[in-house]
Amino acid sequence: MDKTSLLLAVRQQGLCFLCKQALIVGGECQPDSPREWIDWFAALKKMLRKRHFTYRRDGGTDERTSLRLVRSECHRQHHAGDSRRAT
Ligand SMILES: [Zn+2]
């Protein structure tokens, strides 16, 4: 369990960045203490992916990369649907 993932999970309020559903099925009951978050998240870590989302301004070279947590399922679908766009 790395701290970055935990912070991301808390910041996203336990929701997948792509579909806005709970990162974990049955995870609606979110822990409300850091210790519980760690246990909760560690148990479900296999289902999650960390991903860098890059935002590129039109015609510019200005790029910003943000790390977000997504479900592994969504991650796969995101890549499948995004294959035409250059990375
Ligand atoms: Zn999702």
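Predicted model: local features only at pLDDT ≥ 70, side-chain atom pairs only at ≥ 80, totals over all residues.
Local features were considered at pLDDT of at least 70 and side-chain atom pairs only at pLDDT 80 or more, whereas totals for chains, interfaces and linings use all residues. Residues are numbered from 1 along each chain as its sequence is written, and side-chain values use heavy atoms, with hydrogens and water left out.

The zinc ion is coordinated by the SG atoms of C16, C19 and C74, at 2.1 to 2.3 Å. Donors are defined as N, O and S atoms within 2.8 Å of the metal (3.2 Å for Na, K and Ca); water is not among the atoms, so sites may look incomplete. Along the chain, the donors of the zinc ion follow the spacing C-x2-C-x54-C. C16 lies in the loop between helix 1 (3-11) and helix 2 (34-44), while C74 belongs to helix 3 (residues 72-81), so this pair ties together parts that are 58 residues apart in sequence. Helices (H or I, at least four residues) and strands (E, at least two) are DSSP runs, numbered from the N terminus.

Accessibility was classed as buried (under 20% relative accessible area), exposed (over 50%) or partly exposed (in between), with a 1.4 Å probe and protein chains only. C16 counts as buried because its relative accessibility is 1%, and C74 is likewise buried, at 7%. C19, with a relative accessible area of 27%, is partly exposed. A disulfide is taken as a pair of cysteine sulfur atoms within 2.5 Å, and the count by this rule is zero.

In helix 1 the buried residues are S5, L6, L8 and A9. Seen down the helix axis, these residues fall within an arc of 160°, so they line one face of helix 1; the arc is that of the directions from the axis to the C-beta atoms. K3, L7 and R11, on the other side of helix 1, are exposed. Q13, which follows helix 1, has a positive phi, near 55°.

I38 lies in helix 2 and is partly exposed, with a relative accessible area of 37%. I38 and L6 are 32 residues apart in sequence, and their C-alpha atoms are 6.9 Å apart in space.
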